[in-house]
Number of protein chains: 2
Amino acid sequence: MASDIEIAQAADVWPIEKIAEKVGLTPAEWEPYGRDKAKVEIDDSRDDDDLGKLVLVTSINPTPAGEGKSTVTVGLADALSLAGENTMIALREPSLGPVMGMKGGATGGGHSQVLPMADINLHFTGDFHALTSAHNTLAALIDNSIYQGNPLNIDPRRMIWKRALDVNDRALRNAVVGLGGPTSGVPREDGFDIIVASELMAILTLSHNLMDMKARIERIVIGYTYDREPVTVKDLGVAGALTTLLKDAIKPNLVQTIAHTPTLIHGGPFANIAQGTNSIRATKTALQLADFVVTEAGFGADLGGEKFLDFKAPLLGKTPDTIVIVATVRALKMHGGMAKTELTEPNVAAVEAGLANLGQHLQSMSRYGVPVVVAINRFTTDTDAEIDRIKAFVADFGAQAYTADVWGQGGAGATELATAVIEAANRPSNFTPLYDAEDDATVKLDKIVRTIYGAEGVELSDKATKQLRQFAQYGWDKLPIIMAKTQYSLSDDATRLGAPKDFKIHVREFIPKVGAGFLVAMTGSILTMPGLPKTPAANNIDIDASGHITGLF
Amino acid sequence: MASDIEIAQAADVWPIEKIAEKVGLTPAEWEPYGRDKAKVEIDDSRDDDDLGKLVLVTSINPTPAGEGKSTVTVGLADALSLAGENTMIALREPSLGPVMGMKGGATGGGHSQVLPMADINLHFTGDFHALTSAHNTLAALIDNSIYQGNPLNIDPRRMIWKRALDVNDRALRNAVVGLGGPTSGVPREDGFDIIVASELMAILTLSHNLMDMKARIERIVIGYTYDREPVTVKDLGVAGALTTLLKDAIKPNLVQTIAHTPTLIHGGPFANIAQGTNSIRATKTALQLADFVVTEAGFGADLGGEKFLDFKAPLLGKTPDTIVIVATVRALKMHGGMAKTELTEPNVAAVEAGLANLGQHLQSMSRYGVPVVVAINRFTTDTDAEIDRIKAFVADFGAQAYTADVWGQGGAGATELATAVIEAANRPSNFTPLYDAEDDATVKLDKIVRTIYGAEGVELSDKATKQLRQFAQYGWDKLPIIMAKTQYSLSDDATRLGAPKDFKIHVREFIPKVGAGFLVAMTGSILTMPGLPKTPAANNIDIDASGHITGLF
């Protein structure tokens, strides 16, 4: 069986100008980056009112291998194109760190991939590198300010702004910097995050334009003074330089699927400590250019889905017209109590036992008033009996489930799903937000955990309670809440699969992201710098004299 | 008076396809990066025997502000174009770290600039970011190998491979990493270099093709085992992945001057701990495409010039046809004993006293058997009497000096210089190497310091002597020598200006760069991670809603 990169390398890639023409971009609205990638900046005068239909792809709580959400997103969009709809995709950019470790790319798989797959997974158009550059430039400017007499009175023990790289490097999680004597800075504790965890990543993907981005960058809180007052980038006076470093990174990137469906790939914020979806600009641009836009949100519906609907949609000024929940037979078996090694064995009873997880997501997504469709991402080991059991469960709920064999067949494997999505998207929807912007943080939290997770409420640690009092003084207490929780369970305990009952969510602490404009509620210890496995993917990647790459997925 | 960026922004930039056509590239030989930048990879079948004339621009020992070598390089090339010669330029890429600090860019100045100036000085086509990515990926893979049972028996106290960023960040010079307990690595001393100091930068710029680069990467020594045996990237098995990360960075970048002279800008290795010139591939490509190629070497003729002639030229397979030594009235005054604050005052006697520095470089460069021409980079404060004194001195030496007002006039300010360069390049030259590849390291060192610096010989520290014995065991003792010395003096003492006499050069230690293929001879403490000044340039850089940048030079 051909690997993802072999299928990608065998594909017929159109010159990017042909894709740009297909979506109606004028020559002034795009710039080439190589032969098959472009940066897009559409004209301000483009119509803002006649937006396309928005399809949000999310999923049940996934297995560690993932449920193929990106693959379904790509395959569904190709199927919509096949059905004659003028369709675009809006996706996140993959992070390079995990590519060298073990994780699959974020460009789909099999015959439902975005091209050029290798480039997108490596440096792409340099957006993440520009962010890394801006992130570490800010860190250097902060340490330089402390070194040069510390005019802002920054307390080096109360720094928020760490350093960042797009590398999986556990050795950099915690470091002591500024060593080497009086000419080499002031010693202090520090650490590195992976760049997708940077607040600048969240800001880039939330900004409508350069000036919005600059204003958000100015509001970033980098730490506190010895008097416990927040210190911002504005205080340092370097927001202009950082915005200059991000002047091209803010522009969405145009590529194509194997079936030539135009695709915008832009930004890649984490789905736990940030909003976990592609940029506002990319989604908006796609909605202005196409009649159907398929996009996805990271992790399951409890994390990415909720954030898309409660946080991204209001900023975007557009709510989804259909929500697609991706489920797989093997994930449902895991939720039904099977071990990872047993997932390829036919077992209708295990599927049955696991359906409660899908049920919770169907219920929580349906409450937003948007039509919901279930996509069963089909694997070769799935049996008809298992598939039928899922379909019956979804039908009992009042919705419909369709199989999608997009890995093997591309868009042709999702014809029924596409028809259902078109039908659903044209149904009138009546979006109902989960909470009001003016709700207190505890009220917002309570609504999220009860309605979306099925929890009995929320418990704040002493630290978290104290922080909310502090934040009220700084004026941050009404910021939207971004939940940082395990993706594997509806609860904050990764081992509780299915649809756990009688549990509360424990908020250990809040992390203020004032520039991005949200408070992260930490429900456990979230690793913001991954490590590499015993045998990293890097050991298998190779390239020959002609530039042909092997071992990249 | 208009600033560099104002002049650059007012210039008429041709679409890059017009520049590509001008130099005769076929569509398959270049890829656009935006509208005014391209990556070039010329066809293997291109003629290798009929290379253009090569003009090497170097200088006397500079003042801290620099002698405008890049500006003269650009202006001279524009003058050669004006004279009807099919001319290209081959330059280094600027490093972003210093751009946020205080240093001018490496894209020339005034009316002798390369465009798009802002992009080239910011992220350009991402080459340095790809290098940073590969550099830190290797570092993470090394620490991961130590963490995962240390199968290669690496001694964490004897690591050579540090981490790297393209940021001026003194706080990262020395760091302790791997802190945080058993899940976050193994604690050890580490530090960050600026990316231009990375051995990968040297390798990228020395490699003829992908496979040459991979072989060099395999030979990189990252540290030693507990038994003091060298550990290489080949031992780690990740050269393929690192080469894959550099697959596009190895391709030279095509841009243009204000006068539309096609320019290849590629790579930026330090001129002290590396060879300090643009890539072999860029220079070679330019020589294959053009009749005249103007290139430069970092720092003065004692550092960049010597390395170009003794190290780069043999690898390039082509020696210069003319050497241009750039001098300025103000630098000669400094060599003549004047203080930095007195350099704008007319003072023929001070110029006279400083001419010994120019004399040493004239003598050392002439010994290679290549015609030498002196370019006086004219400043508005220079007097005719001062200029005439320089011209007379050079004439006594048997060479010719010409003024160049390229900052103010572009190519039109270097007409006479261009005529002299054309005449010199067409004279028969008889290149005589300084040393044999098979000479012992001490013999190579002795020849460099006596002939090029005018020293009385070289003294090795006990450590350096011991290292040479060790290197003989490893088979590294015949590698070419790269001198790391202050750029301000011919000696290893930055305060001894002019042409010092009766001095020896002190080699404190050697740094083996086995992948790049040279031994760095350290004659003092060379800072491989700069810091930021009290008021960094970043505080003045800004961008408006339309993307217009201010404060960048």
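I started with the largest cavity, which has a volume of about 410 Å³. The model is predicted: local features need pLDDT of at least 70, side-chain atom pairs count only at pLDDT 80 or more, and totals for chains, interfaces and linings use all residues. Residues are numbered from 1 along each chain as its sequence is written, chains are lettered from A and ligands numbered from 1 in the order in which they are written, and side-chain values use heavy atoms, with hydrogens and water left out.

**Entry 1: cavities**

I noted what a cavity is: on a 1 Å grid over the protein atoms alone, a set of points where a 1.4 Å probe fits but cannot get out. Lining residues have an atom within 4 Å of a point. Grid points are joined across faces, edges and corners, and a volume is the space filled by probe spheres set on the points.

How many cavities of 30 Å³ or more does the structure hold? I found five.

I went back to the largest cavity. It is lined by 33 residues, and the closest to its centre are A:Thr125, A:Gly126, B:Tyr33, B:Thr125 and B:Gly126. I then looked up the elements (DSSP runs numbered from the N terminus: helices are H or I with at least four residues, strands are E with at least two). α6 (127-147) of chain A, α6 (127-147) of chain B and α10 (239-245) of chain B each supply at least two residues of this lining. By class, the lining has twelve nonpolar, nine polar and twelve charged residues. Here Ala, Val, Leu, Ile, Met, Phe, Trp, Tyr, Cys and Pro count as nonpolar, Asp, Glu, Lys and Arg as charged, and the others, Gly among them, as polar.

The second largest cavity has a volume of about 140 Å³. Of its 13 lining residues, the closest to the centre are A:His129, A:Thr132, A:Leu165, B:His129 and B:Thr132. α6 of chain A and α6 of chain B are the elements that give two or more residues to this lining. Which element gives the most? I found α6(B), with four residues. The lining of the second largest cavity divides into four nonpolar, seven polar and two charged residues.

**Entry 2: aromatic rings**

I counted twelve aromatic pairs over all chains. Rings of Phe, Tyr and Trp (its six-membered ring) pair if their centres lie within 6.5 Å; planes under 30 degrees apart count as stacked, over 60 as edge-to-face and the rest as tilted. B:Phe311 and B:Phe518 form an edge-to-face pair, 5.5 Å centre to centre with 85 degrees between the planes. The pair links distant parts of chain B: B:Phe311 is in helix α12 (residues 301-316), B:Phe518 is in strand β24 (residues 518-522), and they are 207 residues apart.

B:Phe311 counts as buried because its relative accessibility is 6%. B:Phe518 is buried too, at 0%.

A:Lys18 lies over the face of A:Trp14, at 3.9 Å from the ring centre. A:Arg367 lies over the face of A:Tyr368, at 4.9 Å from the ring centre.

**Entry 3: helix α3 of chain A**

Helix α3 (residues 69-82) of chain A has 14 residues. From first C-alpha to last, α3(A) reaches 20 Å, close to the 20 Å expected at 1.5 Å a residue. That expected span is 1.5 Å times one less than the number of residues.

Why is α3(A) largely enclosed by the rest of the structure? I found that twelve of its 14 residues are buried, so the helix is largely enclosed. Among them are A:Val72, A:Leu76 and A:Leu80. Just after α3(A), A:Gly84 takes a positive phi of about 95 degrees.

**Entry 4: backbone**

The peptide bond from A:Leu115 to A:Pro116 is cis, with omega near -5 degrees. A:Pro116 lies in the loop between β6 (112-115) and α5 of chain A. In chain B, the bond from B:Leu115 to B:Pro116 is cis, with omega near 0 degrees.

A:Phe124 is not a glycine, yet has a positive phi of about 50 degrees. I placed A:Phe124 in the loop between α5 and α6 of chain A. A:Phe124 counts as buried, at 10% relative accessibility.

Terms used: Buried means under 20% relative accessible area, exposed over 50%, partly exposed in between (1.4 Å probe, protein chains only). A charge sits over a ring if NZ of Lys or CZ of Arg is within 6 Å of the ring centre and within 35 degrees of the ring normal. On a 1 Å grid over the protein atoms alone, a cavity is a set of points where a 1.4 Å probe fits but cannot get out, and a pocket is an open set with protein on both sides within 12 Å along at least five of seven lines; lining residues have an atom within 4 Å of a point.
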